[in-house]
Amino acid sequence: TWLLRRGDILRQAGRKQEAAASYKAALQALENLPSVRRRVPAMAELERRIQAALAEVSPSATEAGPAPR
């Protein structure tokens, strides 16, 4: 969870690229856990929070401009 917190702090500081890297590292850390640990509801909630935070700092299609015709 410290990687999620680090990402939150970086995001609040306006350092979105570094925040995204921290969130991605947090997801990787979850993936490295044994499956027994990953299936715990608290881990599912943590993954959801990380994914939501990552979506906030990652550029979306709407921010990239209009789609080509």
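Tutor: Start with Met43. Its relative accessibility is 25%, so Met43 counts as partly exposed. The cut-offs explain the label: buried means under 20%, exposed means over 50%, and partly exposed lies in between. Keep in mind that this is a predicted model.

Where does Met43 lie? Met43 belongs to helix 4. Set aside residues up to four places away in sequence, and Met43 touches Leu30, Leu33, Arg37 and Arg38. Take Leu30 from that list. Leu30 and Met43 are 13 residues apart along the chain, and their C-alpha atoms are separated by 7.8 Å.

Leu33 sits in the loop between helix 2 and helix 3, the latter spanning residues 35–38. At 28% relative accessibility, Leu33 also falls in the partly exposed class. Leu33 and Met43 are 10 residues apart along the chain, with 9.9 Å between their C-alpha atoms. The contacts of Leu33, leaving aside neighbours within four places in sequence, are Arg38 and Met43.

Now widen the view to helix 4 itself. Helix 4 covers residues 41–57, which is 17 residues. From its first C-alpha to its last, helix 4 reaches 25 Å. That is close to the 24 Å expected at 1.5 Å a residue.

Which residues of helix 4 are buried? They are Leu46, Ile50, Ala53, Leu54 and Val57. These residues cover an arc of only 100 degrees around the axis, and therefore lie on the same side of helix 4. Pro41 and Ala55 are on the other side of helix 4, and both are exposed. The cover over the buried residues of helix 4 includes helix 1 (2–12) and helix 2 (16–31).

Turn to helix 1. Its buried residues are Leu3, Leu4, Gly7, Asp8 and Leu10. They cover an arc of only 165 degrees around the axis, so they fall on the same side of helix 1. The face turned away from that buried side carries exposed Trp2 and Gln12. What do the buried residues of helix 1 pack against? They pack against helix 2 and helix 4. Just after helix 1, Gly14 takes a positive phi of about 85 degrees.

How do helix 1 and helix 4 meet? Their axes come within 11 Å and cross at roughly 25 degrees. Helix 1 and helix 4 are therefore roughly parallel to each other, because angles under 35 degrees count that way. The crossing of helix 1 past helix 4 is left-handed. Helix 1 makes the contact with Leu4, Asp8 and Arg11, while helix 4 brings Leu46, Arg49, Ile50, Ala53, Glu56 and Val57.

Asp8 lies in helix 1. At 14% relative accessibility, Asp8 counts as buried. Not counting residues up to four places away in sequence, Asp8 touches Tyr23 and Ala53. Ala53 is one of the buried residues of helix 4.

Helix 1 and helix 2 pack at an angle of about 170 degrees, and their axes are 8 Å apart. The two are therefore roughly antiparallel to each other; the cut-off for that label is over 145 degrees. Helix 1 passes helix 2 in a left-handed crossing.

Last, the whole chain. It has 4 helices and 0 strands, and its elements run α-α-α-α from the N terminus on. Of the 69 residues in the chain, 25% are buried. Take the contacts between residues at least 6 apart in sequence: 45% of them join residues at least 24 apart.

How values were computed: Residues are numbered from 1 along each chain as its sequence is written. This is a predicted model: local features need pLDDT of at least 70, side-chain atom pairs count only at pLDDT 80 or more; totals for chains, interfaces and linings use all residues. Side-chain values use heavy atoms; hydrogens and water are left out. The expected span of a helix is 1.5 Å times one less than its number of residues. Buried means under 20% relative accessible area, exposed over 50%, partly exposed in between (1.4 Å probe, protein chains only). The arc is that of the directions from the helix axis to the C-beta atoms. Contact means heavy atoms within 4.5 Å. Axes are lines fitted to C-alpha atoms, for helices over the stretch in contact, and angles run from 0 to 180 degrees between N-to-C directions. Angles under 35 degrees count as roughly parallel, over 145 as roughly antiparallel, 65 to 115 as roughly perpendicular and the rest as oblique. A crossing is left-handed if the near helix is turned anticlockwise from the far one by less than a right angle, and right-handed if clockwise.
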